[in-house]
Amino acid sequence: MPETHKELLKGNRDWERNILKIAPDFFEKLSSSQSPKFLWIGCSDSRVPATEITNALPGSIFVQRNIANMVIHTDVNLLSVVYYAVKELKVKHIIVCGHYGCGGVKAAMSNNNYGFLNNWLRHIKDVYRLHQEELDSIEDEGQRLDRYVELNIKEQVNNLSKVSFIQEEWENGEFPYIHGWVYSLKDGLLQDLDVTTNNAEKLDQVFQYNPR
Ligand code: CO
């Protein structure tokens, strides 16, 4: 593990040399444009980097990460990334990827005061409120956290489905598909939560937009 910023720069040189050994024209080709097929909305956690855990190269995945992989409708940063990915890059798949043992979800489940962070955690707490009955019924704290992580991913898939310009895309074709995946820090494996959607039909009526 690098300890200093200089080690990161050194690491970059090593990485660049290794890539050139395998594909001498890699950077030349990639420098002209990008056409990733995927948008990844993941957690900022240092242990869940999108390209590494999917064995994908630079150029493969457009990425947005924040604490606990949240989709919040007033987050101009996230919505701009989603808009560009969907409307310009025309990504075919959006992956909301959470992970077991998520510190953000754990913090939201507690009654601890995290200062400024409480404002962000509030959105995660709302997910608890939506699924309070199920979550309260799980006695084991670890299992409850795991389930909370899964439900949070599902709710963020829902939140993306409520974005009007995504629904516009669905009016015109089948893409993008939105997937919910969970990553296990313990074994390094991704699991599909089977909540994939490409329509707004299952959403509450109030969230379904008429074609403009
Ligand atoms: Co996390």
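Trainee: Which side chains meet in a salt bridge with 2.8 Å from N to O?

Mentor: Start with the general idea. Side chains of opposite charge can pair when their charged atoms come close. Here a salt bridge is a side-chain nitrogen of Lys or Arg within 4 Å of a carboxyl oxygen of Asp or Glu. The pair you ask about is E150 and R147. One caution on the source: this is a predicted model, where local features need pLDDT of at least 70, side-chain atom pairs count only at pLDDT 80 or more, and totals for chains, interfaces and linings use all residues. Residues are numbered from 1 along each chain as its sequence is written, and side-chain values use heavy atoms, with hydrogens and water left out.

Trainee: Why are E150 and R147 separated by about one helical turn?

Mentor: Because they are three residues apart in helix α8 (residues 141-161). Helices (H or I, at least four residues) and strands (E, at least two) are DSSP runs, numbered from the N terminus.

Trainee: Is E150 buried or exposed?

Mentor: Learn the cut-offs. Buried means under 20% relative accessible area, exposed over 50%, and partly exposed in between (1.4 Å probe, protein chains only). E150 has 15%, so it is buried.

Trainee: How many salt bridges does the structure hold?

Mentor: Ten. One of them joins K29 and D25, with the closest N and O atoms 3.6 Å apart. K29 is exposed at 61%. D25 is partly exposed at 34%.

Trainee: Which residue forms a salt bridge with K87?

Mentor: E169, with the closest N and O atoms 3.2 Å apart. This pair links distant parts of the chain. K87 is in helix α4 (residues 76-88) and E169 in helix α9 (residues 164-172), 82 residues apart. E169 is buried, at 12% relative accessibility.

Trainee: How do I check the span of α4?

Mentor: The expected span of a helix is 1.5 Å times one less than its number of residues. α4 has 13 residues, so it should span 18 Å. Its end C-alpha atoms are 17 Å apart, which agrees.

Trainee: What lies at the start of α4, and what follows the helix?

Mentor: Look for a polar contact at the start. That is a pair of N or O atoms within 3.5 Å; within protein, one must be able to donate a hydrogen and the other to accept it, and residues adjacent in sequence count only if both atoms are side-chain atoms. A side-chain oxygen of D75 comes within 3.1 Å of the backbone nitrogen of N77. After α4 comes K90, with a positive phi near 55 degrees.

Trainee: Which residues of α4 are buried, and what covers them?

Mentor: They are L78, V81, V82, A85, V86 and K87. Packing is read from contacts (heavy atoms within 4.5 Å). The cover includes β1, β2 (61-66), β3, α8 and α9. Now turn to α9. Its buried residues are F165, I166, Q167, E169 and W170. They pack against α4, β3, α8 and β4 (177-183).

Trainee: Which protein donors hold the cobalt ion?

Mentor: Donors are N, O and S atoms within 2.8 Å of the metal (3.2 Å for Na, K and Ca); water is not among the atoms, so sites may look incomplete. Here the protein donors are C43 (SG), H99 (NE2) and C102 (SG), 2.0 to 2.3 Å from the cobalt ion. Their sequence spacing is C-x55-H-x2-C. C43 lies in strand β1 (residues 38-43) and H99 in strand β3 (residues 93-99), so the pair ties together parts 56 residues apart in sequence. C43 is buried at 6%, and H99 is buried at 1%.
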